[in-house]
Amino acid sequence: MNAQPTIAVDRSLKKSLVRVENVVKYFPVGGGLFGHSIVHAVDGVSLAIPAGETLGLVGESGCGKSTLGRVIVQLQPATSGHVFFKDVDLTRVRGEKLRRTRQQIQMIFQDPYASLNPRMTVGDIVAEPLRNFRVARGRKAEQRVQEVMRVVGLNPNFVNRYPHEFSGGQRQRIGIARALVLNPSFIVADEPVSALDVSIQAQIVNLLEDLQEKFDLTFLFIAHDLSVVRHMSDRIAVMYLGKIVEIGPSDSIRDKPLHPYTKVLESSVPVPDPDLEAARRPILLKGEIPSPVNPPSACRFHTRCPIAEKICSEVEPPLEMKEAGRFVACHFPGKL
Amino acid sequence: MTAVDGVSFNVDRGEVVGIVGESGSGKTMTALSILRLVPEPGQITNGRILYGDRDVVHMSDEEIREFRGNEVAMIFQDPMTSLNPVLRVGFQVEEAMAAHQRFTRTQARERVAPLLTRVRIPAAEQRVRDYPHQFSGGMRQRAMIAMGVSNEPSLLIADEPTTALDVTVQASIIELVRDLSGELGASVILITHNMALIASLCQRVIVMYAGRIVEQGPTRAIFKNPQHPYTWSLLRSIPRVDERTKEKLISIRGLPPDLSKPPPGCKFHPRCRFRVDRCFTEEPSLEEVEPGHLARCWVLMRNVEAPEAAQ
């Protein structure tokens, strides 16, 4: 089975707020005459996030990053594996204990248009978690809603307005207010800025940073844009076809990506500097991303990897620590 | 509503020009105007669009058809909605060629596979028989580019050609556009919100805001020495993948204006940190700040001391 790296090897991560162990998420698809096929959306992922840290999760469409995020907050059940929050295994606990734990974990979604109920007022949207978790009602709930709206930079007098009356950036603030209202300690943000215009993205990125500092939040920041992930994250995990191929401190990955796929990603992202761009040579990948229904054997990247050898299609490389704090699943780390 | 207001620029033969702006800035309308494809009920109320010495605005329907087909190609953001899902990709490329009477049907058919190879679709001979859904997003965009370049246009307009694509695919499409424009000697207009793509591909940049050009000039000048506060702020609002020291992003407060009731004076003044009294009432014109570099601003960034500290 794939490694369970982060906890076993890196002692500093033992005090993690969130620990994901060997999480697997399969989806059945189709179902014709010859039975179902299975999408291996997340296939044996382990990671740990220390309190107060932002872990960035980056990968291309279909790599399973959003599914992993949803499994971690228990919006979808894992097929197997464990998600620990503090020491509570979210995949096992039920009832009151799950509710109390779940309250500390919130999610911010990509699409501020689709994730807000158009028939509810902003006040009701933000207050809903308070009611669902029976934390506050009436006057007290109103006060809390106004407080949290102020915190995210929304005018608290707008509680009676509807989502369509707000711009994209303001709607994302509403989504953030809803996530904050229960005073969570851990937030999964799934592509929170990618639907927004450039000038608005910075507003939301800065807001998330301020909130993290103010409320001591721990983030899992999921995005396809490595530039935003780099800016937000202390550590970065890179996903490819349902697996984490590399995880480590953001700076050291930037200076020396160890997995060939990480290196390809880093080389593909343009920077707003014409002099640097004139010198940048992206490493172009051959072929297309394979289907997660039928992922390649052994190392899943071997079909497209510029430095793949025979062993890569035969033996799956475990996610192992190659340098302090640097975990890589590759037979030839740092060789590309 | 005035979506595009008094925009003037030129594109030289073989030059790659970027038009950058956010949603609603008028960048796409500007490009559609060049092809006279402004959607109804919109219209070009004033101005000229010269292609060589012919004015596109006054071309007859026959001329404009000929112009669109043989001289210009447009590549759109979403390759799925631009392809017909029930027709084979090869057939659609063939049709694009045959439609403009440059090639006979047989000639067109024979050119399809080589053309798909040229845009680096692997196993093109087999893939001509595929339907669009059998192509990945990147492959579809390649097929669209193949259609675009099939008549060897001299101007290629690419409207957010990589926005819907993953970054590794984006890199290969950009390389392809760069190579093709070189091979064809074609001019390219790249429309995007992505400043980094502009830096990667373009020799000259046009920055649009609220339907106007607010700054234009050689790419290097715009990136190293932006003079309009909007350009300056935009460049500092984007995180960089090569970021070394974590600094707060400069955010541009507020929202772009509603173009049905634009603000008086400079259209950017409600969001500008460097505005002066004059900006509230009088709109500046686009003036040359150094040879080839124009900006529409009363202040200009070169006159601002310690801009990072401004509130």
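How many helices and strands are there in chain A? Chain A holds 11 helices and 12 strands, where helices (H or I, at least four residues) and strands (E, at least two) are DSSP runs numbered from the N terminus. The model is predicted: local features need pLDDT of at least 70 and side-chain atom pairs count only at pLDDT 80 or more, while totals for chains, interfaces and linings use all residues. Residues are numbered from 1 along each chain as its sequence is written, and chains are lettered from A and ligands numbered from 1 in the order in which they are written.

**Chain A overall**

- The C-alpha trace of chain A spans about 65 × 50 × 50 Å along its principal axes.
- Of the 336 residues in chain A, 47% are buried; a residue is buried if 20 or more other C-beta atoms, placed from the backbone, lie within 10 Å of its own, exposed if 12 or fewer, and partly exposed in between.
- Among contacts in chain A with a separation of 6 or more, 65% join residues 24 or more positions apart; two residues are in contact if their C-beta atoms, placed from the backbone, lie within 7 Å.

**Contact between chains A and B**

- Chain A gives 32 residues to the contact, and chain B gives 34.
- On the side of chain A that touches chain B, the elements giving two or more residues are helix 7 (198–215), helix 8 (226–232), helix 10 (260–268) and helix 11 (274–279) of chain A.
- Helix 7 of chain A provides the largest share of that side, six residues.
- By class, the side of chain A that touches chain B has 15 nonpolar (Ala, Val, Leu, Ile, Met, Phe, Trp, Tyr, Cys and Pro), eight charged (Asp, Glu, Lys and Arg) and nine polar residues (the others, Gly among them).

**Helix 1 of chain B**

- Helix 1 (residues 27–34) of chain B is mostly covered, with six of its eight residues buried: Lys27(B), Thr28(B), Thr30(B), Ala31(B), Leu32(B) and Ser33(B).
- The cover over these buried residues includes strand 1 (16–20), strand 5 (155–159), strand 6 (187–192) and strand 7 (204–209) of chain B.
- Arg36(B), which follows helix 1 of chain B, has a positive phi, near 55 degrees.

**Val177(B)**

- Val177(B) lies in helix 8 (residues 167–184) of chain B and is buried, because 25 other C-beta atoms are within 10 Å.
- Not counting residues up to four places away in sequence, Val177(B) touches Ala158(B), Pro161(B) and Val188(B).
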